[in-house]
Amino acid sequence: MKVKGIIKILILQAILLSCNAPEQNKEVVEQKAPNVIIIYADDLGYGDVGAYGSTELKTPNIDRLANGGMRFTNGYASSATCSPSRYALLTGQYPWRNKNAKILPGTAPLLISTQQMTIPKMLKQSGYHTGIVGKWHLGLGDGQVDWNQHISPGPNEVGFDYAYIMAATQDRVPTVYIENGKVVNLDPNDPIEIDYSKNFEGEPTGKDNPELLKMKWHHGHNNSIVNGIPRIGFMKGGESAKWVDEDMADHFLGKAQEYIKGHKDEPFFLYYALQQPHVPRTPHPRFVGKSGMGPRGDVIVEADWCIGEFIKTLETEGLLENTLIILSSDNGPVLNDGYYDDAVEKLGKHTPAGPLRGGKYSLFEAGTRVPFITYWEGEIQPGVSDALVSQIDFLASLAALTDSDVQVGDSQNLLDVFKGKSEKGRDNLVLEATSRTAFRKGDWAMIPPYKGPAVIKTVNIEIGNANEFQLYNLKEDIGEQNNLAESNPEKLEEMIAEFESIRGIEYKETEKLELK
Ligand code: NG6
Ligand code: CA
């Protein structure tokens with residue numbers, strides 16, 4: 001059924017029925033176009049979820065979605081870091097097409113052009129109300145933001161009717177919530193100043209004032225101190241607007257619940273971008289100690305609880321049967337990402353990457369292959385799919401769902417795959433990690449040679465750099481242990497040729513990034 005058509009009919013019916021009995025109105029509401037919700041975790045690994053094999057860490061609410069919907073075993077984020085993945089998710093464009101699509105500081109200008117097509121823009125055209133609650137990390141303003149004025153352009157200018165966000169990450173300043181371009185609870189007599197290059201005179205820092213810290217930094221993260229946690233970047237003022245880290249999960253959950261309650265009578269799109277389990281990991285006290293794995297495990301338990309509460313709200317509002325829920329993560333897992341928080345020490349037998357090699361920042365599979373679930377009560381039958389799918393495909397697929405004619409280059413319409421009606425996913429996919437790219441096609445993964453260290457020592461993750469080509473058969477060797485580049489030159493040639501043609505480069509020109 002055509003959604004625009006449905007909406008027109010509904011408006012007509014609503015006018016005709018407006019003076020009739022409430023029962024008839026209810027019927028109208030039930031017929032409305034399906035709501036779309038993307039729940040997006042931050043740094044949640046392929047192996048961090050029960051339905052994906054975790055036995056040590058329990059995620060019953062994510063499992064409920066996975067086991068009651070489609071669970072994808074070959075579902076990918078577009079990048080092994082946050083901003084590029086989020087850019088690709090919302091725009092349907094590969095992040096490597098945009099040279100600025102890198103991990104952004106809190107002062108970065110808006111990464112998405114206001115001219116670009118995005119999921120919320122497209123859905124708005126089809127009559128949806130659109131909202132974002134949670135982590136943004138796609139830049140704000142034009143590079144010269146005054147945090148005390150209306151901040152723009154931002155999410156509202158790229159398609160979101162409603163935005164309640166943190167600007168960048170929990171470890172970056174400004175550590176405040178921003179609602180539709182305005183810092184929440186800001187006292188005009190205590191203006192916010194932000195600088196990523198130098199401190200404000202007299203302000204303590206993580207580096208110089210260890211006595212003020214309740215969480216210690218391991219690498220980076222030694223600039224301004226907020227709530228006893230040292231951050232990236234310097235901040236002054238805005239005392240009354242600062243978030244309470246331990247309350248953030250509840251806070252975003254509350255806003256997400258408010259949003260769906262407030263928009264249940266019209267088709268809506270909600271991008272609910274959780275901040276967990278990214279650093280600094282600050283579980284609410286009621287989750288402390290719940291996982292036995294320290295804060296990283298505890299915030300995953302907390303995130304799972306939030307998802308459960310959120311689903312309950314959909315249920316009690318009668319929305320579950322008319323809502324497509326997509327759940328995924330922006331990149332793979334990392335343990336020590338810059339703070340001493342026992343993530344390594346208390347890991348025990350848990351394997352955040354599952355059987356995959358690498359993690360966040362990596363061109364190996366664990367960088368980008370993530371939990372990937374679609375759920376729609378009554379519409380999607382429970383199942384497991386091995387089809388190759390990417391978050392970049394949401395735009396074209398949601399366009400198909402809502403009968404929009406919007407098309408964006410890299411995004412493919414995989415609606416039938418996401419609904420479990422087809423196993424035919426993408427033919428191939430370019431993977432990105434810290435400005436390097438690799439190629440997945442069929443069962444094969446190919447990583448070109450890159451200079452730089454094989455392991456980022458601070459985070460202890462193998463990122464895929466090597467002097468030679470790497471070629472892995474993921475069906476036989478999901479852990480990428482057996483490099484077949486030499487023994488299978490034909491396959492290698494084929495992969496390189498296709499990779500080059502999609503990337504529009506010749507292999508010799510591939511940037512060889514020096515990593516620090
Ligand atoms: C890195 C940070 C890391 C994390 C990451 C962004 C340091 C040393 N490391 O630069 O802690 O914030 O950026 O993560 O500062 S992401 O998931 O948002 O991409
Ligand atoms: Ca992330």
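Biologist: How does ligand 1 meet Cys 82, and what is the distance?

Modeller: In this predicted model, look for a pair of N or O atoms within 3.5 Å, which is what counts as a polar contact. Here a polar atom of the Cys 82 backbone sits 2.8 Å from an oxygen atom of ligand 1. With Asp 171 the polar atom belongs to the side chain, and the distance to a ligand oxygen is 2.7 Å.

Biologist: How much of the ligand does the protein bury?

Modeller: For that, take the area ligand 1 exposes when alone, 450 Å², and ask what share gets covered: the protein buries 85% of it.

Biologist: Which residues come nearest, and what is the shell made of?

Modeller: There are 20 residues around ligand 1, and the nearest are Cys 82, Asp 171, Arg 172, Asp 337 and Lys 360. By type, the shell has seven charged, eight polar and five nonpolar residues. Domain 1 (32–182 + 244–421) and domain 2 (193–236) each supply at least three of the shell residues.

Biologist: Now the sheet, please. In what order do its strands lie?

Modeller: Read across the sheet from neighbour to neighbour. The order is S15-S16-S17-S20, an open sheet of four strands with antiparallel pairing. Strand S15 (428–433) and strand S20 (470–473) are the edges, each pairing on one side only. From one strand to the next, the twist averages 20 degrees.

Biologist: How many bridges join S17 to S20?

Modeller: Four bridges link strand S17 (residues 444–447) to its antiparallel partner S20.

Definitions and conventions:
Residues are numbered from 1 along each chain as its sequence is written. Chains are lettered from A and ligands numbered from 1 in the order in which they are written. This is a predicted model: local features need pLDDT of at least 70, side-chain atom pairs count only at pLDDT 80 or more; totals for chains, interfaces and linings use all residues. Side-chain values use heavy atoms; hydrogens and water are left out. A residue is near a molecule or strand if one of its heavy atoms lies within 4 Å of it. A polar contact is a pair of N or O atoms within 3.5 Å; within protein, one must be able to donate a hydrogen and the other to accept it, and residues adjacent in sequence count only if both atoms are side-chain atoms. Accessible areas come from the Shrake-Rupley method with a 1.4 Å probe; for residues, only the protein chains shown count as cover. Ala, Val, Leu, Ile, Met, Phe, Trp, Tyr, Cys and Pro count as nonpolar, Asp, Glu, Lys and Arg as charged, and the others, Gly among them, as polar. Domain bounds come from an automatic or database domain assignment. Two strands pair if DSSP finds at least two bridges between them. Helices (H or I, at least four residues) and strands (E, at least two) are DSSP runs, numbered from the N terminus. Axes are lines fitted to C-alpha atoms, for helices over the stretch in contact, and angles run from 0 to 180 degrees between N-to-C directions.
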